[in-house]
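Here's a quick tour of the model on your screen. Have the sequence and the 3D view open side by side as you read.

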Amino acid sequence: MPIAVPKADSLKELLSLKGKVVVITGASGPKGMGIEAARGCAEMGADVAITYASRAEGGEKNAKELAETYGVKAKAYKLQVDQYESAEKLVADVIKDFGKIDAFIANAGATADSGILDGSVEAWNHVVNVDLNGTFHCAKAVGHHFKERKTGSLVITASMSGHIANFPQEQTSYNVAKAGCIHMARSLANEWRDFARVNSISPGYIATGLSDFVAKDIQELWHSMIPMGRDGEAKELKGAYVYLVSDASTYTTGADIVIDGGYTTR
């Protein structure tokens with residue numbers, strides 16, 4: 001059976017997430033893409049389950065803030081995304097606590113700090129295990145639930161780095177992992193066509209604090225390569241996440257939304 005057309009006609013109703021449960025991984029930072037996606041979903045009425053890897057305090061603080069600000073149910077969970085058992089436990093725990101999962105935003109990730117000749121084998125494996133295999137673990141864990149309920153939306157945070165090779169920093173492992181995430185979304189959109197939608201979002205340089213350690217002259221070089229001439233803010237992505245988890249996007253699957261200030265146009 002193909003995925004049904006929603007009953008609502010009003011755009012406000014289609015974008016509403018009231019009554020939906022959304023999981024967002026990698027949402028323990030104060031201003032990252034994960035917490036902004038969670039804020040967007042909560043603002044539109046969704047109950048949210050967010051995850052952290054090591055920052056328990058950040059996760060708990062964000063869950064409390066989401067519940068208080070938006071009047072929704074919010075809870076933080078620990079997730080070691082590179083271990084399938086951890087993703088499986090997360091899905092089971094959220095279903096136990098919230099009753100179901102309507103949408104899953106696979107956002108947890110790790111950055112690379114070297115090319116393949118300068119970096120260690122362990123460094124390569126870490127990035128690929130978190131960014132690519134971690135996304136697969138989340139997809140497999142929640143996919144069984146989506147199939148059972150005959151409904152679901154999986155949104156994968158990929159990157160413009162899955163489309164291009166960044167300059168001047170070397171980060172081949174990250175680029176490869178994110179290219180894999182984009183094609184995983186496409187492939188799963190086909191594999192899960194009877195019961196769930198799968199899409200990816202490919203952000204460009206977003207000011208989340210992860211790049212603060214980069215030298216100022218390199219950051220200026222980045223900006224010179226972006227037609228819009230600046231980094232994006234994480235809040236400039238949350239509309240895309242909300243769209244993809246909502247009923248406004250019921251005919252959107254296998255898509256990759258590039259939000260990069262025009263970087264990939266050059």
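## Ground rules

Helices (H or I, at least four residues) and strands (E, at least two) are DSSP runs, numbered from the N terminus. This is a predicted model, so local features need pLDDT of at least 70 and side-chain atom pairs count only at pLDDT 80 or more, while totals for chains, interfaces and linings use all residues. Residues are numbered from 1 along each chain as its sequence is written, and side-chain values use heavy atoms, with hydrogens and water left out.

## Asparagine 175

Asparagine 175 sits in helix H6 (residues 172–191). Buried means under 20% relative accessible area, exposed over 50%, and partly exposed in between (1.4 Å probe, protein chains only). Asparagine 175 has a relative accessible area of 12%, so it is buried.

Its side chain makes a polar contact with the side chain of glutamine 171 at 3.0 Å. (A polar contact is a pair of N or O atoms within 3.5 Å; within protein, one must be able to donate a hydrogen and the other to accept it, and residues adjacent in sequence count only if both atoms are side-chain atoms.) Leaving aside residues up to four places away in sequence, asparagine 175 touches Ser161, Gly162, Ile164, Ala165 and Asn166, where contact means heavy atoms within 4.5 Å.

## The sheet

Seven strands make an open sheet, in the order S3-S2-S1-S4-S5-S6-S7, with parallel pairing. S3 and strand S7 (256–259) are the edge strands, each pairing on one side only. Two strands pair if DSSP finds at least two bridges between them; S1 and S4 have three, in the parallel sense. Isoleucine 24 stands opposite isoleucine 105 in S4.

## Helix H4

Helix H4 (residues 84–98) has 15 residues, and at 1.5 Å a residue it should span 21 Å; its end C-alpha atoms are 21 Å apart, so the two agree. The expected span is 1.5 Å times one less than the number of residues. Buried residues in H4 include Tyr84, Leu90, Val94 and Phe98. Among the elements covering the buried residues of H4 are strand S2 (47–52) and helix H5 (121–149). Just after H4, glycine 99 takes a positive phi of about 95°.

## Alanine 207

Alanine 207 lies in the loop between strand S6 (197–203) and helix H7 (216–225). At 23% relative accessibility, it counts as partly exposed. Its C-alpha atom is separated by 8.0 Å from that of glycine 32, 175 residues apart along the chain. Not counting residues up to four places away in sequence, alanine 207 touches Lys31, Asp231, Gly232 and Glu233.
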